[in-house]
Every structure is written in C-alpha cells, then in structure tokens.
Amino acid sequence: MNTTIRVLMGATALSAVALTAQAETLTIATVNNGDMIRMQGLTDDFTAKTGHTVEWVTLEENVLRQRVTTDISTKGGAFDIMTIGMYETPIWGANGWLVPLDNLSEEYDVDDILPAMAGGLSHDGTLFAAPFYGESSMIMYRTDLMEAAGLEMPDAPTWDFIREAAAAMTDRDAEINGICLRGKAGWGEGGAFITAMSNSFGARWFDMDWKAQFDTQPWADTLNFYKGMMDESGPAGYATNGFNENLSLFQQGKCGMWIDATVAASFVTNPDDSTVADSVGFALAPDTGLGKRSNWLWAWALAIPAGTQKQDAALEFVEWATSKSYIDLVAANEGWANVPPGARTSLYENPNYQAVPFAQKTLDSILSADPNNSTVEPSPYVGVQFAAIPEFAGIATDVSQEFSAAYAGQQTVEEALAKAQAITTDAMEAAGY
C-alpha cells in the first residue's frame with residue numbers, strides 16, 4: 001500500500017471517528033398532525049447531513065401540551081426539542097426556560113420568517129422558537145354540495161350565511177353533515193375555536209380590568225349560535241371532535257363545510273387521502289358585521305428547552321426542519337401543495353407555490369389576524385384564540401370542558417357560562433389580578 005493511500009485511509013477513519021463522537025440522539029416531542037408525520041418520514045435527510053439520529057415522541061394535541069408543559073416547568077429534561085406554539089413561547093422565553101435562537105446561520109435567513117410568526121414566537125425581540133408552519137383558520141367547503149344547494153359561497157361570508165348553507169347541505173340519510181366544527185375540550189382544541197368565533201360576536205375573555213366576561217350577551221350569543229347550528233347540521237358526537245376527527249370526516253365526504261386550520265387545506269385537497277379532493281373551495285372565516293372575523297393565528301414551532309445537554313445538535317435540527325431547503329425537500333418528494341405553509345415570506349413569492357389553489361387565501365387569513373387587537377371591545381391581552389398570560393391554559397381547559405358538556409346536552413348554555421364565569425373569576429383573583 002503506498003503512502004498516499006495510507007494517509008487518505010487514515011484521514012477517512014479519523015473523519016468517521018469524529019462524526020461518531022459528535023453524533024447525538026435527539027428526543028423530540030411533537031403533535032400528531034400530518035405535517036409533523038411527514039417530517040418524521042424525511043429525517044433520514046437530516047441524519048445523512050449531520051450524523052445525528054432522532055427519536056420521536058408523537059402525541060395527541062392536548063396530551064402534547066400537558067407533557068411538554070410538565071417537563072419544562074419541572075426541569076424534567078425528557079426532550080431536546082419541543083413542538084410548542086405562540087401561547088407558550090413568549091411566556092417560557094421570559095421565564096428563561098428556552099434557548100434563545102439568536103445565533104441562527106446566515107444561510108437560514110431568519111429575516112425571511114413572516115413577521116406575524118416571528119413576532120408571536122419572540123419575547124422582547126428575541127426569537128425563542130422557529131415556526132415549522134404557520135396558520136390561521138378559514139372555511140373549507142364542498143363546491144359540489146354548495147352548488148346543489150343553490151348557493152354561492154362569498155369570499156368573506158357571515159355566520160348567518162354559514163348557518164343557512166349548513167342546513168341546506170345537510171343530508172342525514174346520506175351521512176352528510178352541513179358543517180363540522182371543533183367541540184372537543186382543551187384550550188387549544190374546542191377552546192381555541194370558540195374563542196376565535198366569539199371575537200366575531202363581540203365577546204372577549206376579560207375587560208380592561210381583567211374581569212371575566214362570560215356573563216355578557218356576546219358570549220351567550222356565541223354559544224347559543226354555535227350549539228344551535230351544530231345541533232341542526234353538525235355530526236353526531238361533535239362535542240368530542242377536534243382537528244383530526246373533523247379532518248377525517250371531511251376527507252370521507254361527510255362534511256359540507258369545515259372551519260379550521262389553514263394548514264388542513266393540503267390534506268383535504270390531496271387525492272391520495274381525500275375522497276372529495278377535486279371539489280373543495282376556500283373562503284375567509286365568517287363574521288357578524290362587527291369588524292372582526294373568527295380566524296385565529298398560530299404557529300407550531302420548534303423550541304429547545306434550556307436544560308438540554310445537546311443544544312448544538314438540537315439547533316442543527318431546528319435549522320434543518322424550518323429552513324427553505326426543507327420546504328424544497330418536501331416539494332420534491334410530495335409536491336408544492338404539501339409543503340409546510342405560513343412560515344416564510346419567500347414561499348408566497350415562489351411562482352410554484354402561488355399556483356397552489358389555497359395559497360393566497362391562507363396568506364390573506366394569516367395577515368388578517370391581529371393578536372394585538374383581536375376583540376371588538378378593548379381587551380388587556382395579546383392573542384387571538386388565547387390570552388397570553390400564564391394562567392390562561394389551565395383556566396381555558398376547565399372552561400372548555402364546561403362548554404363541551406353543554407354541546408353534549410349535559411347542561412345548558414346558561415349553566416356552562418355561569419360556571420365559566422366562576423372558574424375564571426376565582427382563578428384570576430387567586431393569581432392576583
């Protein structure tokens with residue numbers, strides 16, 4: 001063996017040893033949404049580029065929120081990366097529980113993140129989580145059923161039109177529900193939906209003195225309208241349906257309309273998964289003429305807990321999964337309609353993505369949601385479908401359980417609202433507001 005070959009082999013062996021020494025196994029907690037499942041299928045690309053491997057802990061949305069909150073607040077150290085959102089990120093960042101993402105690479109191009117997403121994932125101007133995808137909510141509807149009902153969906157409909165259309169499209173014999181909406185307990189499930197809806201009816205969680213507002217007419221109007229419409233035209237058991245349950249119903253052709261996360265548009269229009277993929281239209285979330293639509297603002301984002309011993313490797317994963325090159329990777333494997341939406345400005349400037357039928361409506365919905373001005377009457381909190389205070393998650397989880405019980409007919413709307421008022425008042429007084 002000549003000296004050159006021997007030197008090259010030695011260098012190769014040293015490189016392999018170095019890669020092995022630096023390689024980490026990262027544990028990531030994530031939600032069982034379609035885009036996250038897709039990311040798991042593509043992580044071989046990350047491993048090939050970095051040598052790091054990934055262990056996934058994939059959980060239902062309510063369970064994920066509980067697990068990561070418990071772990072980070074108790075410094076449990078179970079995860080190197082967490083999937084969290086706009087509610088948790090600023091609060092946890094302020095608490096020092098997250099690694100600041102202030103050293104992202106130049107190639108990553110942090111300035112390309114949509115301002116609405118970067119703002120919601122920052123505290124005092126520092127980014128603490130990188131958006132995997134961003135979303136608002138909008139109407140997804142069956143164009144064939146709408147036409148058969150003799151109706152035409154406006155670009156920006158009212159709730160009264162939605163209720164009329166839902167009744168017209170309902171066909172119980174054919175197992176077609178005119179409308180499918182979240183009723184499942186959980187602050188980020190049915191709680192998020194009804195809070196966003198309540199904004200359009202003029203409701204708010206708190207007045208400017210942090211007094212609970214569930215004893216007001218706008219909240220009664222919201223819940224009575226929701227329950228009346230869902231009893232008329234919604235699926236059986238809607239009180240326990242969340243995002244995934246309604247997605248499945250819509251894909252099976254059992255919903256005339258579904259108002260939910262804009263990110264679902266790629267799933268309902270994918271012919272591999274949806275039986276109605278060729279007859280789906282989109283419109284802005286409804287209003288009641290008071291100047292606020294019922295759409296939310298959210299990002300599922302990747303954050304690094306401050307206690308991880310694998311911070312450098314975790315940052316490499318966050319960059320990989322939320323980068324422009326990841327979007328290109330998904331587009332190459334799954335097509336442009338299936339890339340994670342709502343996070344980067346450059347995506348909406350890309351002609352390939354501009355051709356996707358729901359791209360512009362998604363962007364319009366995101367841009368129309370204002371977390372600093374989400375209610376008709378002034379409110380003291382930031383957030384559209386949540387109030388960005390530490391106490392909110394616990395309070396809203398309890399309140400959403402009372403609402404779900406009313407949807408299921410276990411108590412009246414009036415009883416649910418009275419309990420919500422008491423729950424919220426007691427918790428806020430105990431917290432010192």
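N241 touches L181, R182, G183, K184, P235, N246 and L249, leaving aside residues up to four places away in sequence; contact here means heavy atoms within 4.5 Å. The residue is found in the loop between α10 (217–233) and α11 (243–251), with helices (H or I, at least four residues) and strands (E, at least two) taken as DSSP runs numbered from the N terminus. At a relative accessible area of 9%, N241 is buried, where buried stands for under 20%, exposed for over 50% and partly exposed for anything in between (1.4 Å probe, protein chains only). P371 is 130 residues away from N241 along the chain, and 26 Å separates their C-alpha atoms.

A word on the model: it is a predicted one, with local features needing pLDDT of at least 70 and side-chain atom pairs counted only at pLDDT 80 or more, while totals for chains, interfaces and linings use all residues. Residues are numbered from 1 along each chain as its sequence is written, and side-chain values use heavy atoms, with hydrogens and water left out.

Next, the cysteines. Taking a disulfide as a pair of cysteine sulfur atoms within 2.5 Å, the count comes to 1. The partners are C180 and C255, with their sulfur atoms 2.0 Å apart, and the link is left-handed, at -85° about the S-S bond. Because C180 sits in strand β8 (residues 177–180) and C255 in strand β9 (residues 255–261), the pair ties together parts 75 residues apart in sequence. Both C180 and C255 are buried.

As for the sheet, 5 strands line up as β2-β1-β3-β11-β6 in an open, mixed arrangement, two strands being paired if DSSP finds at least two bridges between them. At the edges are β2 (53–59) and β6 (130–135), each pairing on one side only. Strands β1 (residues 25–31) and β3 (residues 81–84) run parallel and are joined by 2 bridges; I28 stands opposite I81 in β3. Helix α13 (residues 311–321) lies across β1, β2, β3, β6 and β11 (298–303), at about 45° to β1. That angle is between N-to-C directions (0 to 180 degrees), with axes fitted to C-alpha atoms, for helices over the stretch in contact.

The largest cavity holds about 140 Å³, a volume being the space filled by probe spheres set on grid points joined across faces, edges and corners. A cavity is a set of points on a 1 Å grid over the protein atoms alone where a 1.4 Å probe fits but cannot get out, and lining residues have an atom within 4 Å of a point. Of the 16 residues lining the largest cavity, E61, E135, R182, G188 and W298 are the closest to its centre.

Conventions: On a 1 Å grid over the protein atoms alone, a cavity is a set of points where a 1.4 Å probe fits but cannot get out, and a pocket is an open set with protein on both sides within 12 Å along at least five of seven lines; lining residues have an atom within 4 Å of a point.
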